[in-house]
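Have the structure open beside you as you read.

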Amino acid sequence: MEWCRRSSRLIYDSLHSFNLKISVPRNPNKEALSRTHFSTSCIKPTSRNSSICGFSQPLFRNSALPNLLQQSQCKSPFLNGAKRFYYVDRNQIYHFKPRGYKRWSQFSPRNVLIVVLVGSGVVITIYFGNLETVPYTKRTHFVLLSRSLEKELGENQFKQVKNQFKGRILPPLHPDSIRVQRISQDIIEALERGFKKEEVWSDVRYSPESVIQPSEANTHETVRALSDKIGEEEIWQSEHKWEKEDEILDDQWVQKSRKKGQEKGVKSETGHLEGLKWEVIVVNEPMINAFCIPGGKIVVFTGLLNHFRADAEIATIIGHEVSHAIARHSAEQISKNLWLTILQLILYQFFIPDFVNTMSNLFLRLPFSRRMEMEADYIGLLLIASAGYDPRVAPQVYEKLGRIVGDSKLQDYLATHPSGKKRALTLAQAKVMEEAFNIYREVQSGRGVEGFL
């Protein structure tokens, strides 16, 4: 009996001490509210005289359990993080904030209008502040890349090319090196006359990369090879003549652009050509290719020289590649790719990415690329005419290049370059060809033509 009394007394003391440890907040409205509220009491903040619903006392036989629950609740970052999604107004009413970003409809119309106006002003300023005029065609294009950065990128790319083909670059006194350097020098001098430059630009020099020293026998071989190739050029020009009946396509976009530019009195952009150090290298590779890197770096492969024997043919291709550098096509392509990428990111929100990429390439990137290739053909045609090479050779060169590479009917729509046949037909027109042929006749008669670009 005495044992039962002691046990009952012990249970009563434990329960009494547990109730004393439970603290009731004075103002439950000021307490933090969480999504999952683990507590020993249920608080109703809407009622001033709030009631407390405690757990049934037999559940807490250990008085330390509520303290452990309260400590774990304070240490939980997930439970305390819920405080960020609501606020309490002056009437002590809880307002929960939605998660995620706000939609456009949730922003103030005034703020949206300000953002649109400021953004439009910045875009318009950047666009019109970076417009340039292409020589000859007088086409206005947007170039975001600065001249210094373009030149630096070109020099770095030229170093990479020389490192890539190290040991396969022909020495400066090789017959092919001398031939390419001489043709390139003629084209650069024609470029000076085309812009009416009074100052003399730096001569084209062969890049000091090779280490092979030619012997005396190689020198005689060089002279003999050059004389043979000059004879081949005369025979080729006598067999291939351009006829006026070959006029099939027109160049209305060029003529409209030139007329519009002349009416406005726009000047061609030539600042990026100032102070260039023109260099040329010939790479001993069977690749049928040649290109001009921004900054005046010309690269020609021997595979191209093996298929095109006449100097007028080589001049046509080099003139075309130099025209890309004159018109800053590389910088223009980078700028357009930037805008197209932004447009693609916007369209990704509404269409499948594969569909957006295909349509942008088919209707935007590839047509721009083909337009720039044709523009380089026009400028190159005038350059070789001013350099003393017959421009009537150019259509046959591109047609021959198309046969070597392998043209297809879909190339005019699915490739970066037009087909060789289309380029040949476009260049064999009166308005472009006759202008170049008149320059060629003036040069042959000893009277140079200036300012044709």
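## Helix α12 and helix α15

Helix α12 passes helix α15 in a right-handed crossing. A crossing is called right-handed if the near helix is turned clockwise from the far one by less than a right angle, and left-handed if anticlockwise. Helices here are DSSP runs of H or I with at least four residues, strands are runs of E with at least two, and both are numbered from the N terminus. Helix α12 covers residues 353-386 and helix α15 covers residues 420-427; they pack at an angle of about 45°, with their axes 11 Å apart. Axes are lines fitted to C-alpha atoms, for helices over the stretch in contact, and angles run from 0 to 180 degrees between N-to-C directions. The pair α12 and α15 is therefore oblique. On this scale, angles under 35 degrees are roughly parallel, over 145 roughly antiparallel, 65 to 115 roughly perpendicular, and the rest oblique.

Which residues touch? Glu373, Met374, Asp377, Tyr378 and Leu381 of α12 meet Arg423, Thr426 and Leu427 of α15, where contact means heavy atoms within 4.5 Å. By class, this contact of α12 with α15 has four nonpolar, one polar and three charged residues. Ala, Val, Leu, Ile, Met, Phe, Trp, Tyr, Cys and Pro count as nonpolar, Asp, Glu, Lys and Arg as charged, and the others, Gly among them, as polar.

## About the model

This is a predicted model, in which local features need pLDDT of at least 70 and side-chain atom pairs count only at pLDDT 80 or more, while totals for chains, interfaces and linings use all residues. Residues are numbered from 1 along each chain as its sequence is written, and side-chain values use heavy atoms, with hydrogens and water left out.

The axes of α11 and α12 come within 11 Å and cross at roughly 165°. That angle makes α11 roughly antiparallel to α12, and their crossing is right-handed. Residues of α11 in this contact include His329, Gln333 and Leu340, and those of α12 include Val356, Phe368 and Met372. The contact of α11 with α12 has eight nonpolar, seven polar and four charged residues.

Now look at α10 and α12, which pack at an angle of about 120° with their axes 7 Å apart. This makes α10 oblique to α12, and the crossing is again right-handed. Among the contact residues are Gly319 and His320 of α10 and Ala376 and Gly380 of α12. The contact of α10 with α12 divides into eight nonpolar, six polar and two charged residues.

## An open pocket

On a 1 Å grid over the protein atoms alone, a pocket is an open set of points with protein on both sides within 12 Å along at least five of seven lines, a cavity is a set where a 1.4 Å probe fits but cannot get out, and lining residues have an atom within 4 Å of a point. Points are joined across faces, edges and corners, and a volume is the space filled by probe spheres set on them.

The second largest pocket has a volume of about 450 Å³. Its lining has 25 residues, of which His324, His329, Ser330, Ala331 and Gln333 lie nearest its centre. Which helix gives the most to this lining? Helix α11 does, with six residues.

The largest cavity holds about 80 Å³ of space, and its lining includes Arg147, His272 and Pro294. Helix α5 (residues 147-164) gives the most to that lining, with three residues.
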